[in-house]
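The exercises below are to be worked with the sequence and the coordinates at hand. Each task is followed by a solution in steps.

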Amino acid sequence: MSSTVPASRLVVLPSAAWASTVASELADRLARRPSLRLCLPTGDTPTPFYAELVAGERRGAWSLAGATVVLLDEWLGLPPGDPARCDVRLRGELFDLLASPPAFVPIAVDGADVDEPATALDTAASGLDLAVVGLGMNGHVGFNEPGTRPEDRSRVVRLARSSREAATARYGAGAVPSGGVTIGLATILEAGEVWLLVTGERKAGILRQALEEPEGIDCPASYLRRHPRLTVFADEAAASGLRAS
Ligand code: F6R
């Protein structure tokens, strides 16, 4: 990445400006490197950011056509097409709405061998220019649940109960997932830049733990502070518990 990209920083934004600001930052990285390789999360947090990316492409402000997007994580045990599947969400909220979508690397979880997609994922996610991640209520990043160590690579994981419940209760899954596959914390920390996206008051406590309490396996997001180019994009509600704010 260009040396003019700033080092670690916390960007606190009014809720109304959050998505457009993150989209503009991505447009900046795409302008510097049209062939950007990045991973993207799903969930409720990035939805308005993806809507801004679509709107910007429609008005000709930027294009993702030259980029490659690797899926950050995927559920195990949900059939193809399930609305909670990460590949389904990312296609529906972003790629299918773009006139010129980026290359997409989903996670092949529908074969017989559950370890195979993790190996392929780690290869696809090695040397990313940018890792974009969300923050779970329990401090997870991707599906790197509490207990994850910073040296853990992409792998099949047991999901925390709260994560499995979120699949059905919040994301509309037709069944409770049996597990997950995730880009590992070590692989995320090897990216050129890391962006942590956090919105909403309900994330204020876990964001404070991630950024201001001692790092540890009980909050995997705390290890992101080791990255020299971590940017935290938080709205004011999510940042409301931070001493820094
Ligand atoms: C999903 C993912 C998860 C979410 C996290 C926050 O692909 O990687 O780590 O980013 O659970 O989810 P939301 O944004 O729904 O609060």
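Two strands count as paired if DSSP finds at least two bridges between them. The structure is a predicted model.

**Exercise 1. Strand pairing around β10**

Task: Determine which strands pair with β10, in which sense, and over how many bridges.

Solution. 
Step 1. Take β9 and β10: five bridges join these strands, and they run parallel. The cut-off is at least two bridges, so the two strands pair.
Step 2. Strand β1 (residues 9-13) also pairs with β10, in the parallel sense and over five bridges.
Step 3. Look at Val-232 in β10. Leu-10 stands opposite this residue, and Leu-196 also stands opposite Val-232.
Step 4. Leu-10 is found in strand β1. The C-alpha atoms of Leu-10 and Leu-196 are separated by 9.5 Å, although the two residues are 186 residues apart along the chain.

**Exercise 2. Burial of β10 and α7**

Task: State how many residues of strand β10 are buried, and what covers the buried residues of α7.

Solution. 
Step 1. Strand β10 spans residues 230-235, and six of its six residues are buried.
Step 2. Separate the two faces. Leu-230, Val-232 and Ala-234 lie on one side, with Thr-231, Phe-233 and Asp-235 on the other; both faces are covered.
Step 3. Compare the cut-offs with Leu-10 in β1. Leu-10 has a relative accessibility of 32% and therefore counts as partly exposed, since buried means under 20% and exposed over 50%.
Step 4. Turn to α7, where the buried residues are Ala-204, Ile-206, Leu-207, Ala-210, Leu-211 and Glu-212. Their cover includes β1, β9 and β10.

**Exercise 3. The buried face of α3**

Task: Decide how the buried residues of α3 are placed about the axis of the helix.

Solution. 
Step 1. List the buried residues of helix α3 (residues 86-93): Cys-86, Asp-87, Arg-89, Leu-90 and Glu-93.
Step 2. Viewed down the axis of α3, these residues fall within an arc of 165°, so they line one face of the helix.
Step 3. Examine Arg-89, which lies in α3. Its relative accessible area is 12%, so Arg-89 is buried.
Step 4. Leaving aside residues up to four places away in sequence, the contacts of Arg-89 include Thr-42, Gly-43, Asp-44, Thr-47 and Tyr-171.

**Exercise 4. Salt bridges**

Task: Find how many salt bridges the whole structure holds, and examine three of them, Glu-193 with Arg-29, Arg-149 with Asp-152 and Glu-213 with Arg-208.

Solution. 
Step 1. A search of the whole structure gives 19 salt bridges.
Step 2. The side chains of Glu-193 and Arg-29 meet at 2.6 Å, N to O. This pair links distant parts of the chain, with Glu-193 in strand β9 (residues 193-198) and Arg-29 in helix α1 (residues 15-32), 164 residues apart. Both Glu-193 and Arg-29 are buried.
Step 3. Arg-149 and Asp-152 form a salt bridge at 2.8 Å, N to O. Arg-149 is partly exposed at 44% relative accessible area, whereas Asp-152, at 11%, counts as buried.
Step 4. In the salt bridge of Glu-213 with Arg-208, the closest N and O atoms are 3.9 Å apart. The cut-off is within 4 Å, so the pair qualifies. Glu-213 is partly exposed at 33%, and Arg-208 is partly exposed at 32%.
Step 5. Trace shared partners: salt bridges join Arg-9, Glu-25, Asp-28, Arg-29, Arg-32 and Glu-193 into one network.

Technical notes
Residues numbered from 1 in each chain as written. Predicted model: local features only at pLDDT ≥ 70, side-chain atom pairs only at ≥ 80, totals over all residues. Heavy atoms only, no water. Helix = DSSP H or I, 4+ residues; strand = E, 2+ residues; numbered from the N terminus. Buried < 20%, exposed > 50% of the residue type's maximum accessible area, 1.4 Å probe, protein only. Arc of directions from axis to C-beta. Contact = heavy atoms within 4.5 Å.
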